[in-house]
Amino acid sequence: MKRKVCSGIVFILVAIHCYSQSPDILRLEYTSMSSSFANLGFSRVKLLGNLPLKGKSDHFFVVGAEFNSIVYHIQTELPFDDGPIKNLYMVDLNLAYVYKWNNDWRIIGVVTPRVASNFVNGWENDDLNLNMTMGAYKDKQDVDRPYRLVLGLSYNSAAVVRIPLPVVYFEKMFHPNWSYTVGVPKTGLKYITDKKHFVQTEIVFDGHYVNLQNGIVLPNNQVSSVVSSIVILATMGYQYKFTKDISIYGVFGRTLWQNGVLRNDDRSEVFALNKQPSLYFRTGFRIGI
């Protein structure tokens, strides 16, 4: 029974943080992206926490929150006032539920209200967006080659293309020291040297989409109301576990594709901030489950 409880909690957290490194009860993380070509990059500090709650008959709930502070580092002169994009913030509230469909499958539902803004005028209605995820997971750990599978759809009202996007997560141990993950938005390979040391390589998505209060007037008289960044990364990382659930990690990488832009109210690109290759670094402390 204890294993089923942990399994249910783990995969609610996978659904909540399908764009993150791993499901966490607590995580503090620092990320840096820099580009010598564009003389423009950003750093991000992330703090998140999740509280799992068990209901009746294998029903589970999770209440969580996530805070991101993003600072743009601009080392070149832009043809407009760059003050509105220098300090950005994102705050999420995660509400998740899982239902036991049968002995193999669980149904997952996640609702995430998000406030993303530069907050120069406090809070405004345009700062609020809604993310929703619906799907199912299967977990088989009592077999020779354990595996985990998550399938679903995720809708983000702030996305440039406002259609449901697939969530696919398949993780499998194919050797006592090796496992692989295939999916969107993460695919990778992990090598486990012992119970404390992990090395992994991944191709992952990262990014942000933040409302700019008051907007930015560009030289062509267009007005930008959003700053967004979408990147595809190739990374190599190392994780050290102090205990089964407590660890630190570091990840280095480079962008395979990057699109950092300003957008107007129609979500069309109006100014390119950075589409050049960038270096990527992420480090943090986490308590998993």
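Q: Which strand does L95 lie in?
A: L95 is part of strand β4. Keep in mind that this is a predicted model.

Q: Is L95 buried, partly exposed or exposed?
A: Burial is read from relative accessibility, with buried meaning under 20% and exposed over 50%. L95 has 38% relative accessibility, so it counts as partly exposed.

Q: Which residues make the nonpolar surface patch?
A: L95 is one of them, together with L51, L53, F61, V63, L93, Y97, Y99, W101, V111, L130 and M132. The patch covers about 1000 Å². At least two of its residues come from each of β2, β3, β4 and β6, and β4 gives the largest share, with 4 residues.

Q: How do I read aromatic pairs, and how many are found in the whole structure?
A: An aromatic pair is described by the distance of the ring centres and the angle of the planes. The search finds 12 aromatic pairs here. In one of them, F42 and Y72 are tilted, with 5.6 Å centre to centre and 45° between the planes. F42 belongs to β2 and Y72 to β3, so this pair ties together parts 30 residues apart in sequence. Both F42 and Y72 are buried.

Q: What is the geometry of the pair F61 and Y97?
A: F61 and Y97 also form a tilted pair, 5.2 Å centre to centre with 45° between the planes. F61 is in strand β3 and Y97 in strand β4, 36 residues apart. F61 counts as partly exposed because its relative accessibility is 36%; Y97, at 32%, is partly exposed too.

Q: Which residues do ring pairs link into a cluster?
A: The cluster joins Y147, F170, F174, W178, Y180 and Y191.

Q: How do the side chains along strand β1 point?
A: They alternate between two faces.

Q: Which strands pair with β1?
A: β15 pairs with β1 in the antiparallel sense over 9 bridges, and β2 runs antiparallel to β1 with 8 bridges. Follow S32 to see both: its bridge partner is F281 in β15 and S43 in β2. β1 and β2 form a hairpin with 5 residues between them, and N39 in the turn has a positive phi of about 55°.

Q: What does the side chain of T133 contact?
A: T133, in strand β6, makes a side-chain polar contact with the side chain of S154 at 3.3 Å. At 13% relative accessibility, T133 counts as buried.

Terms used
Residues are numbered from 1 along each chain as its sequence is written. This is a predicted model: local features need pLDDT of at least 70, side-chain atom pairs count only at pLDDT 80 or more; totals for chains, interfaces and linings use all residues. Side-chain values use heavy atoms; hydrogens and water are left out. Buried means under 20% relative accessible area, exposed over 50%, partly exposed in between (1.4 Å probe, protein chains only). A polar contact is a pair of N or O atoms within 3.5 Å; within protein, one must be able to donate a hydrogen and the other to accept it, and residues adjacent in sequence count only if both atoms are side-chain atoms. Patches are made of residues with over 30% relative accessible area and no salt bridge: like charges are joined within 9 Å, nonpolar side chains (Val, Leu, Ile, Met, Phe, Trp, Tyr) within 5 Å. Accessible areas come from the Shrake-Rupley method with a 1.4 Å probe; for residues, only the protein chains shown count as cover. A salt bridge is a side-chain nitrogen of Lys or Arg within 4 Å of a carboxyl oxygen of Asp or Glu. Two strands pair if DSSP finds at least two bridges between them. Rings of Phe, Tyr and Trp (its six-membered ring) pair if their centres lie within 6.5 Å; planes under 30 degrees apart count as stacked, over 60 as edge-to-face and the rest as tilted.
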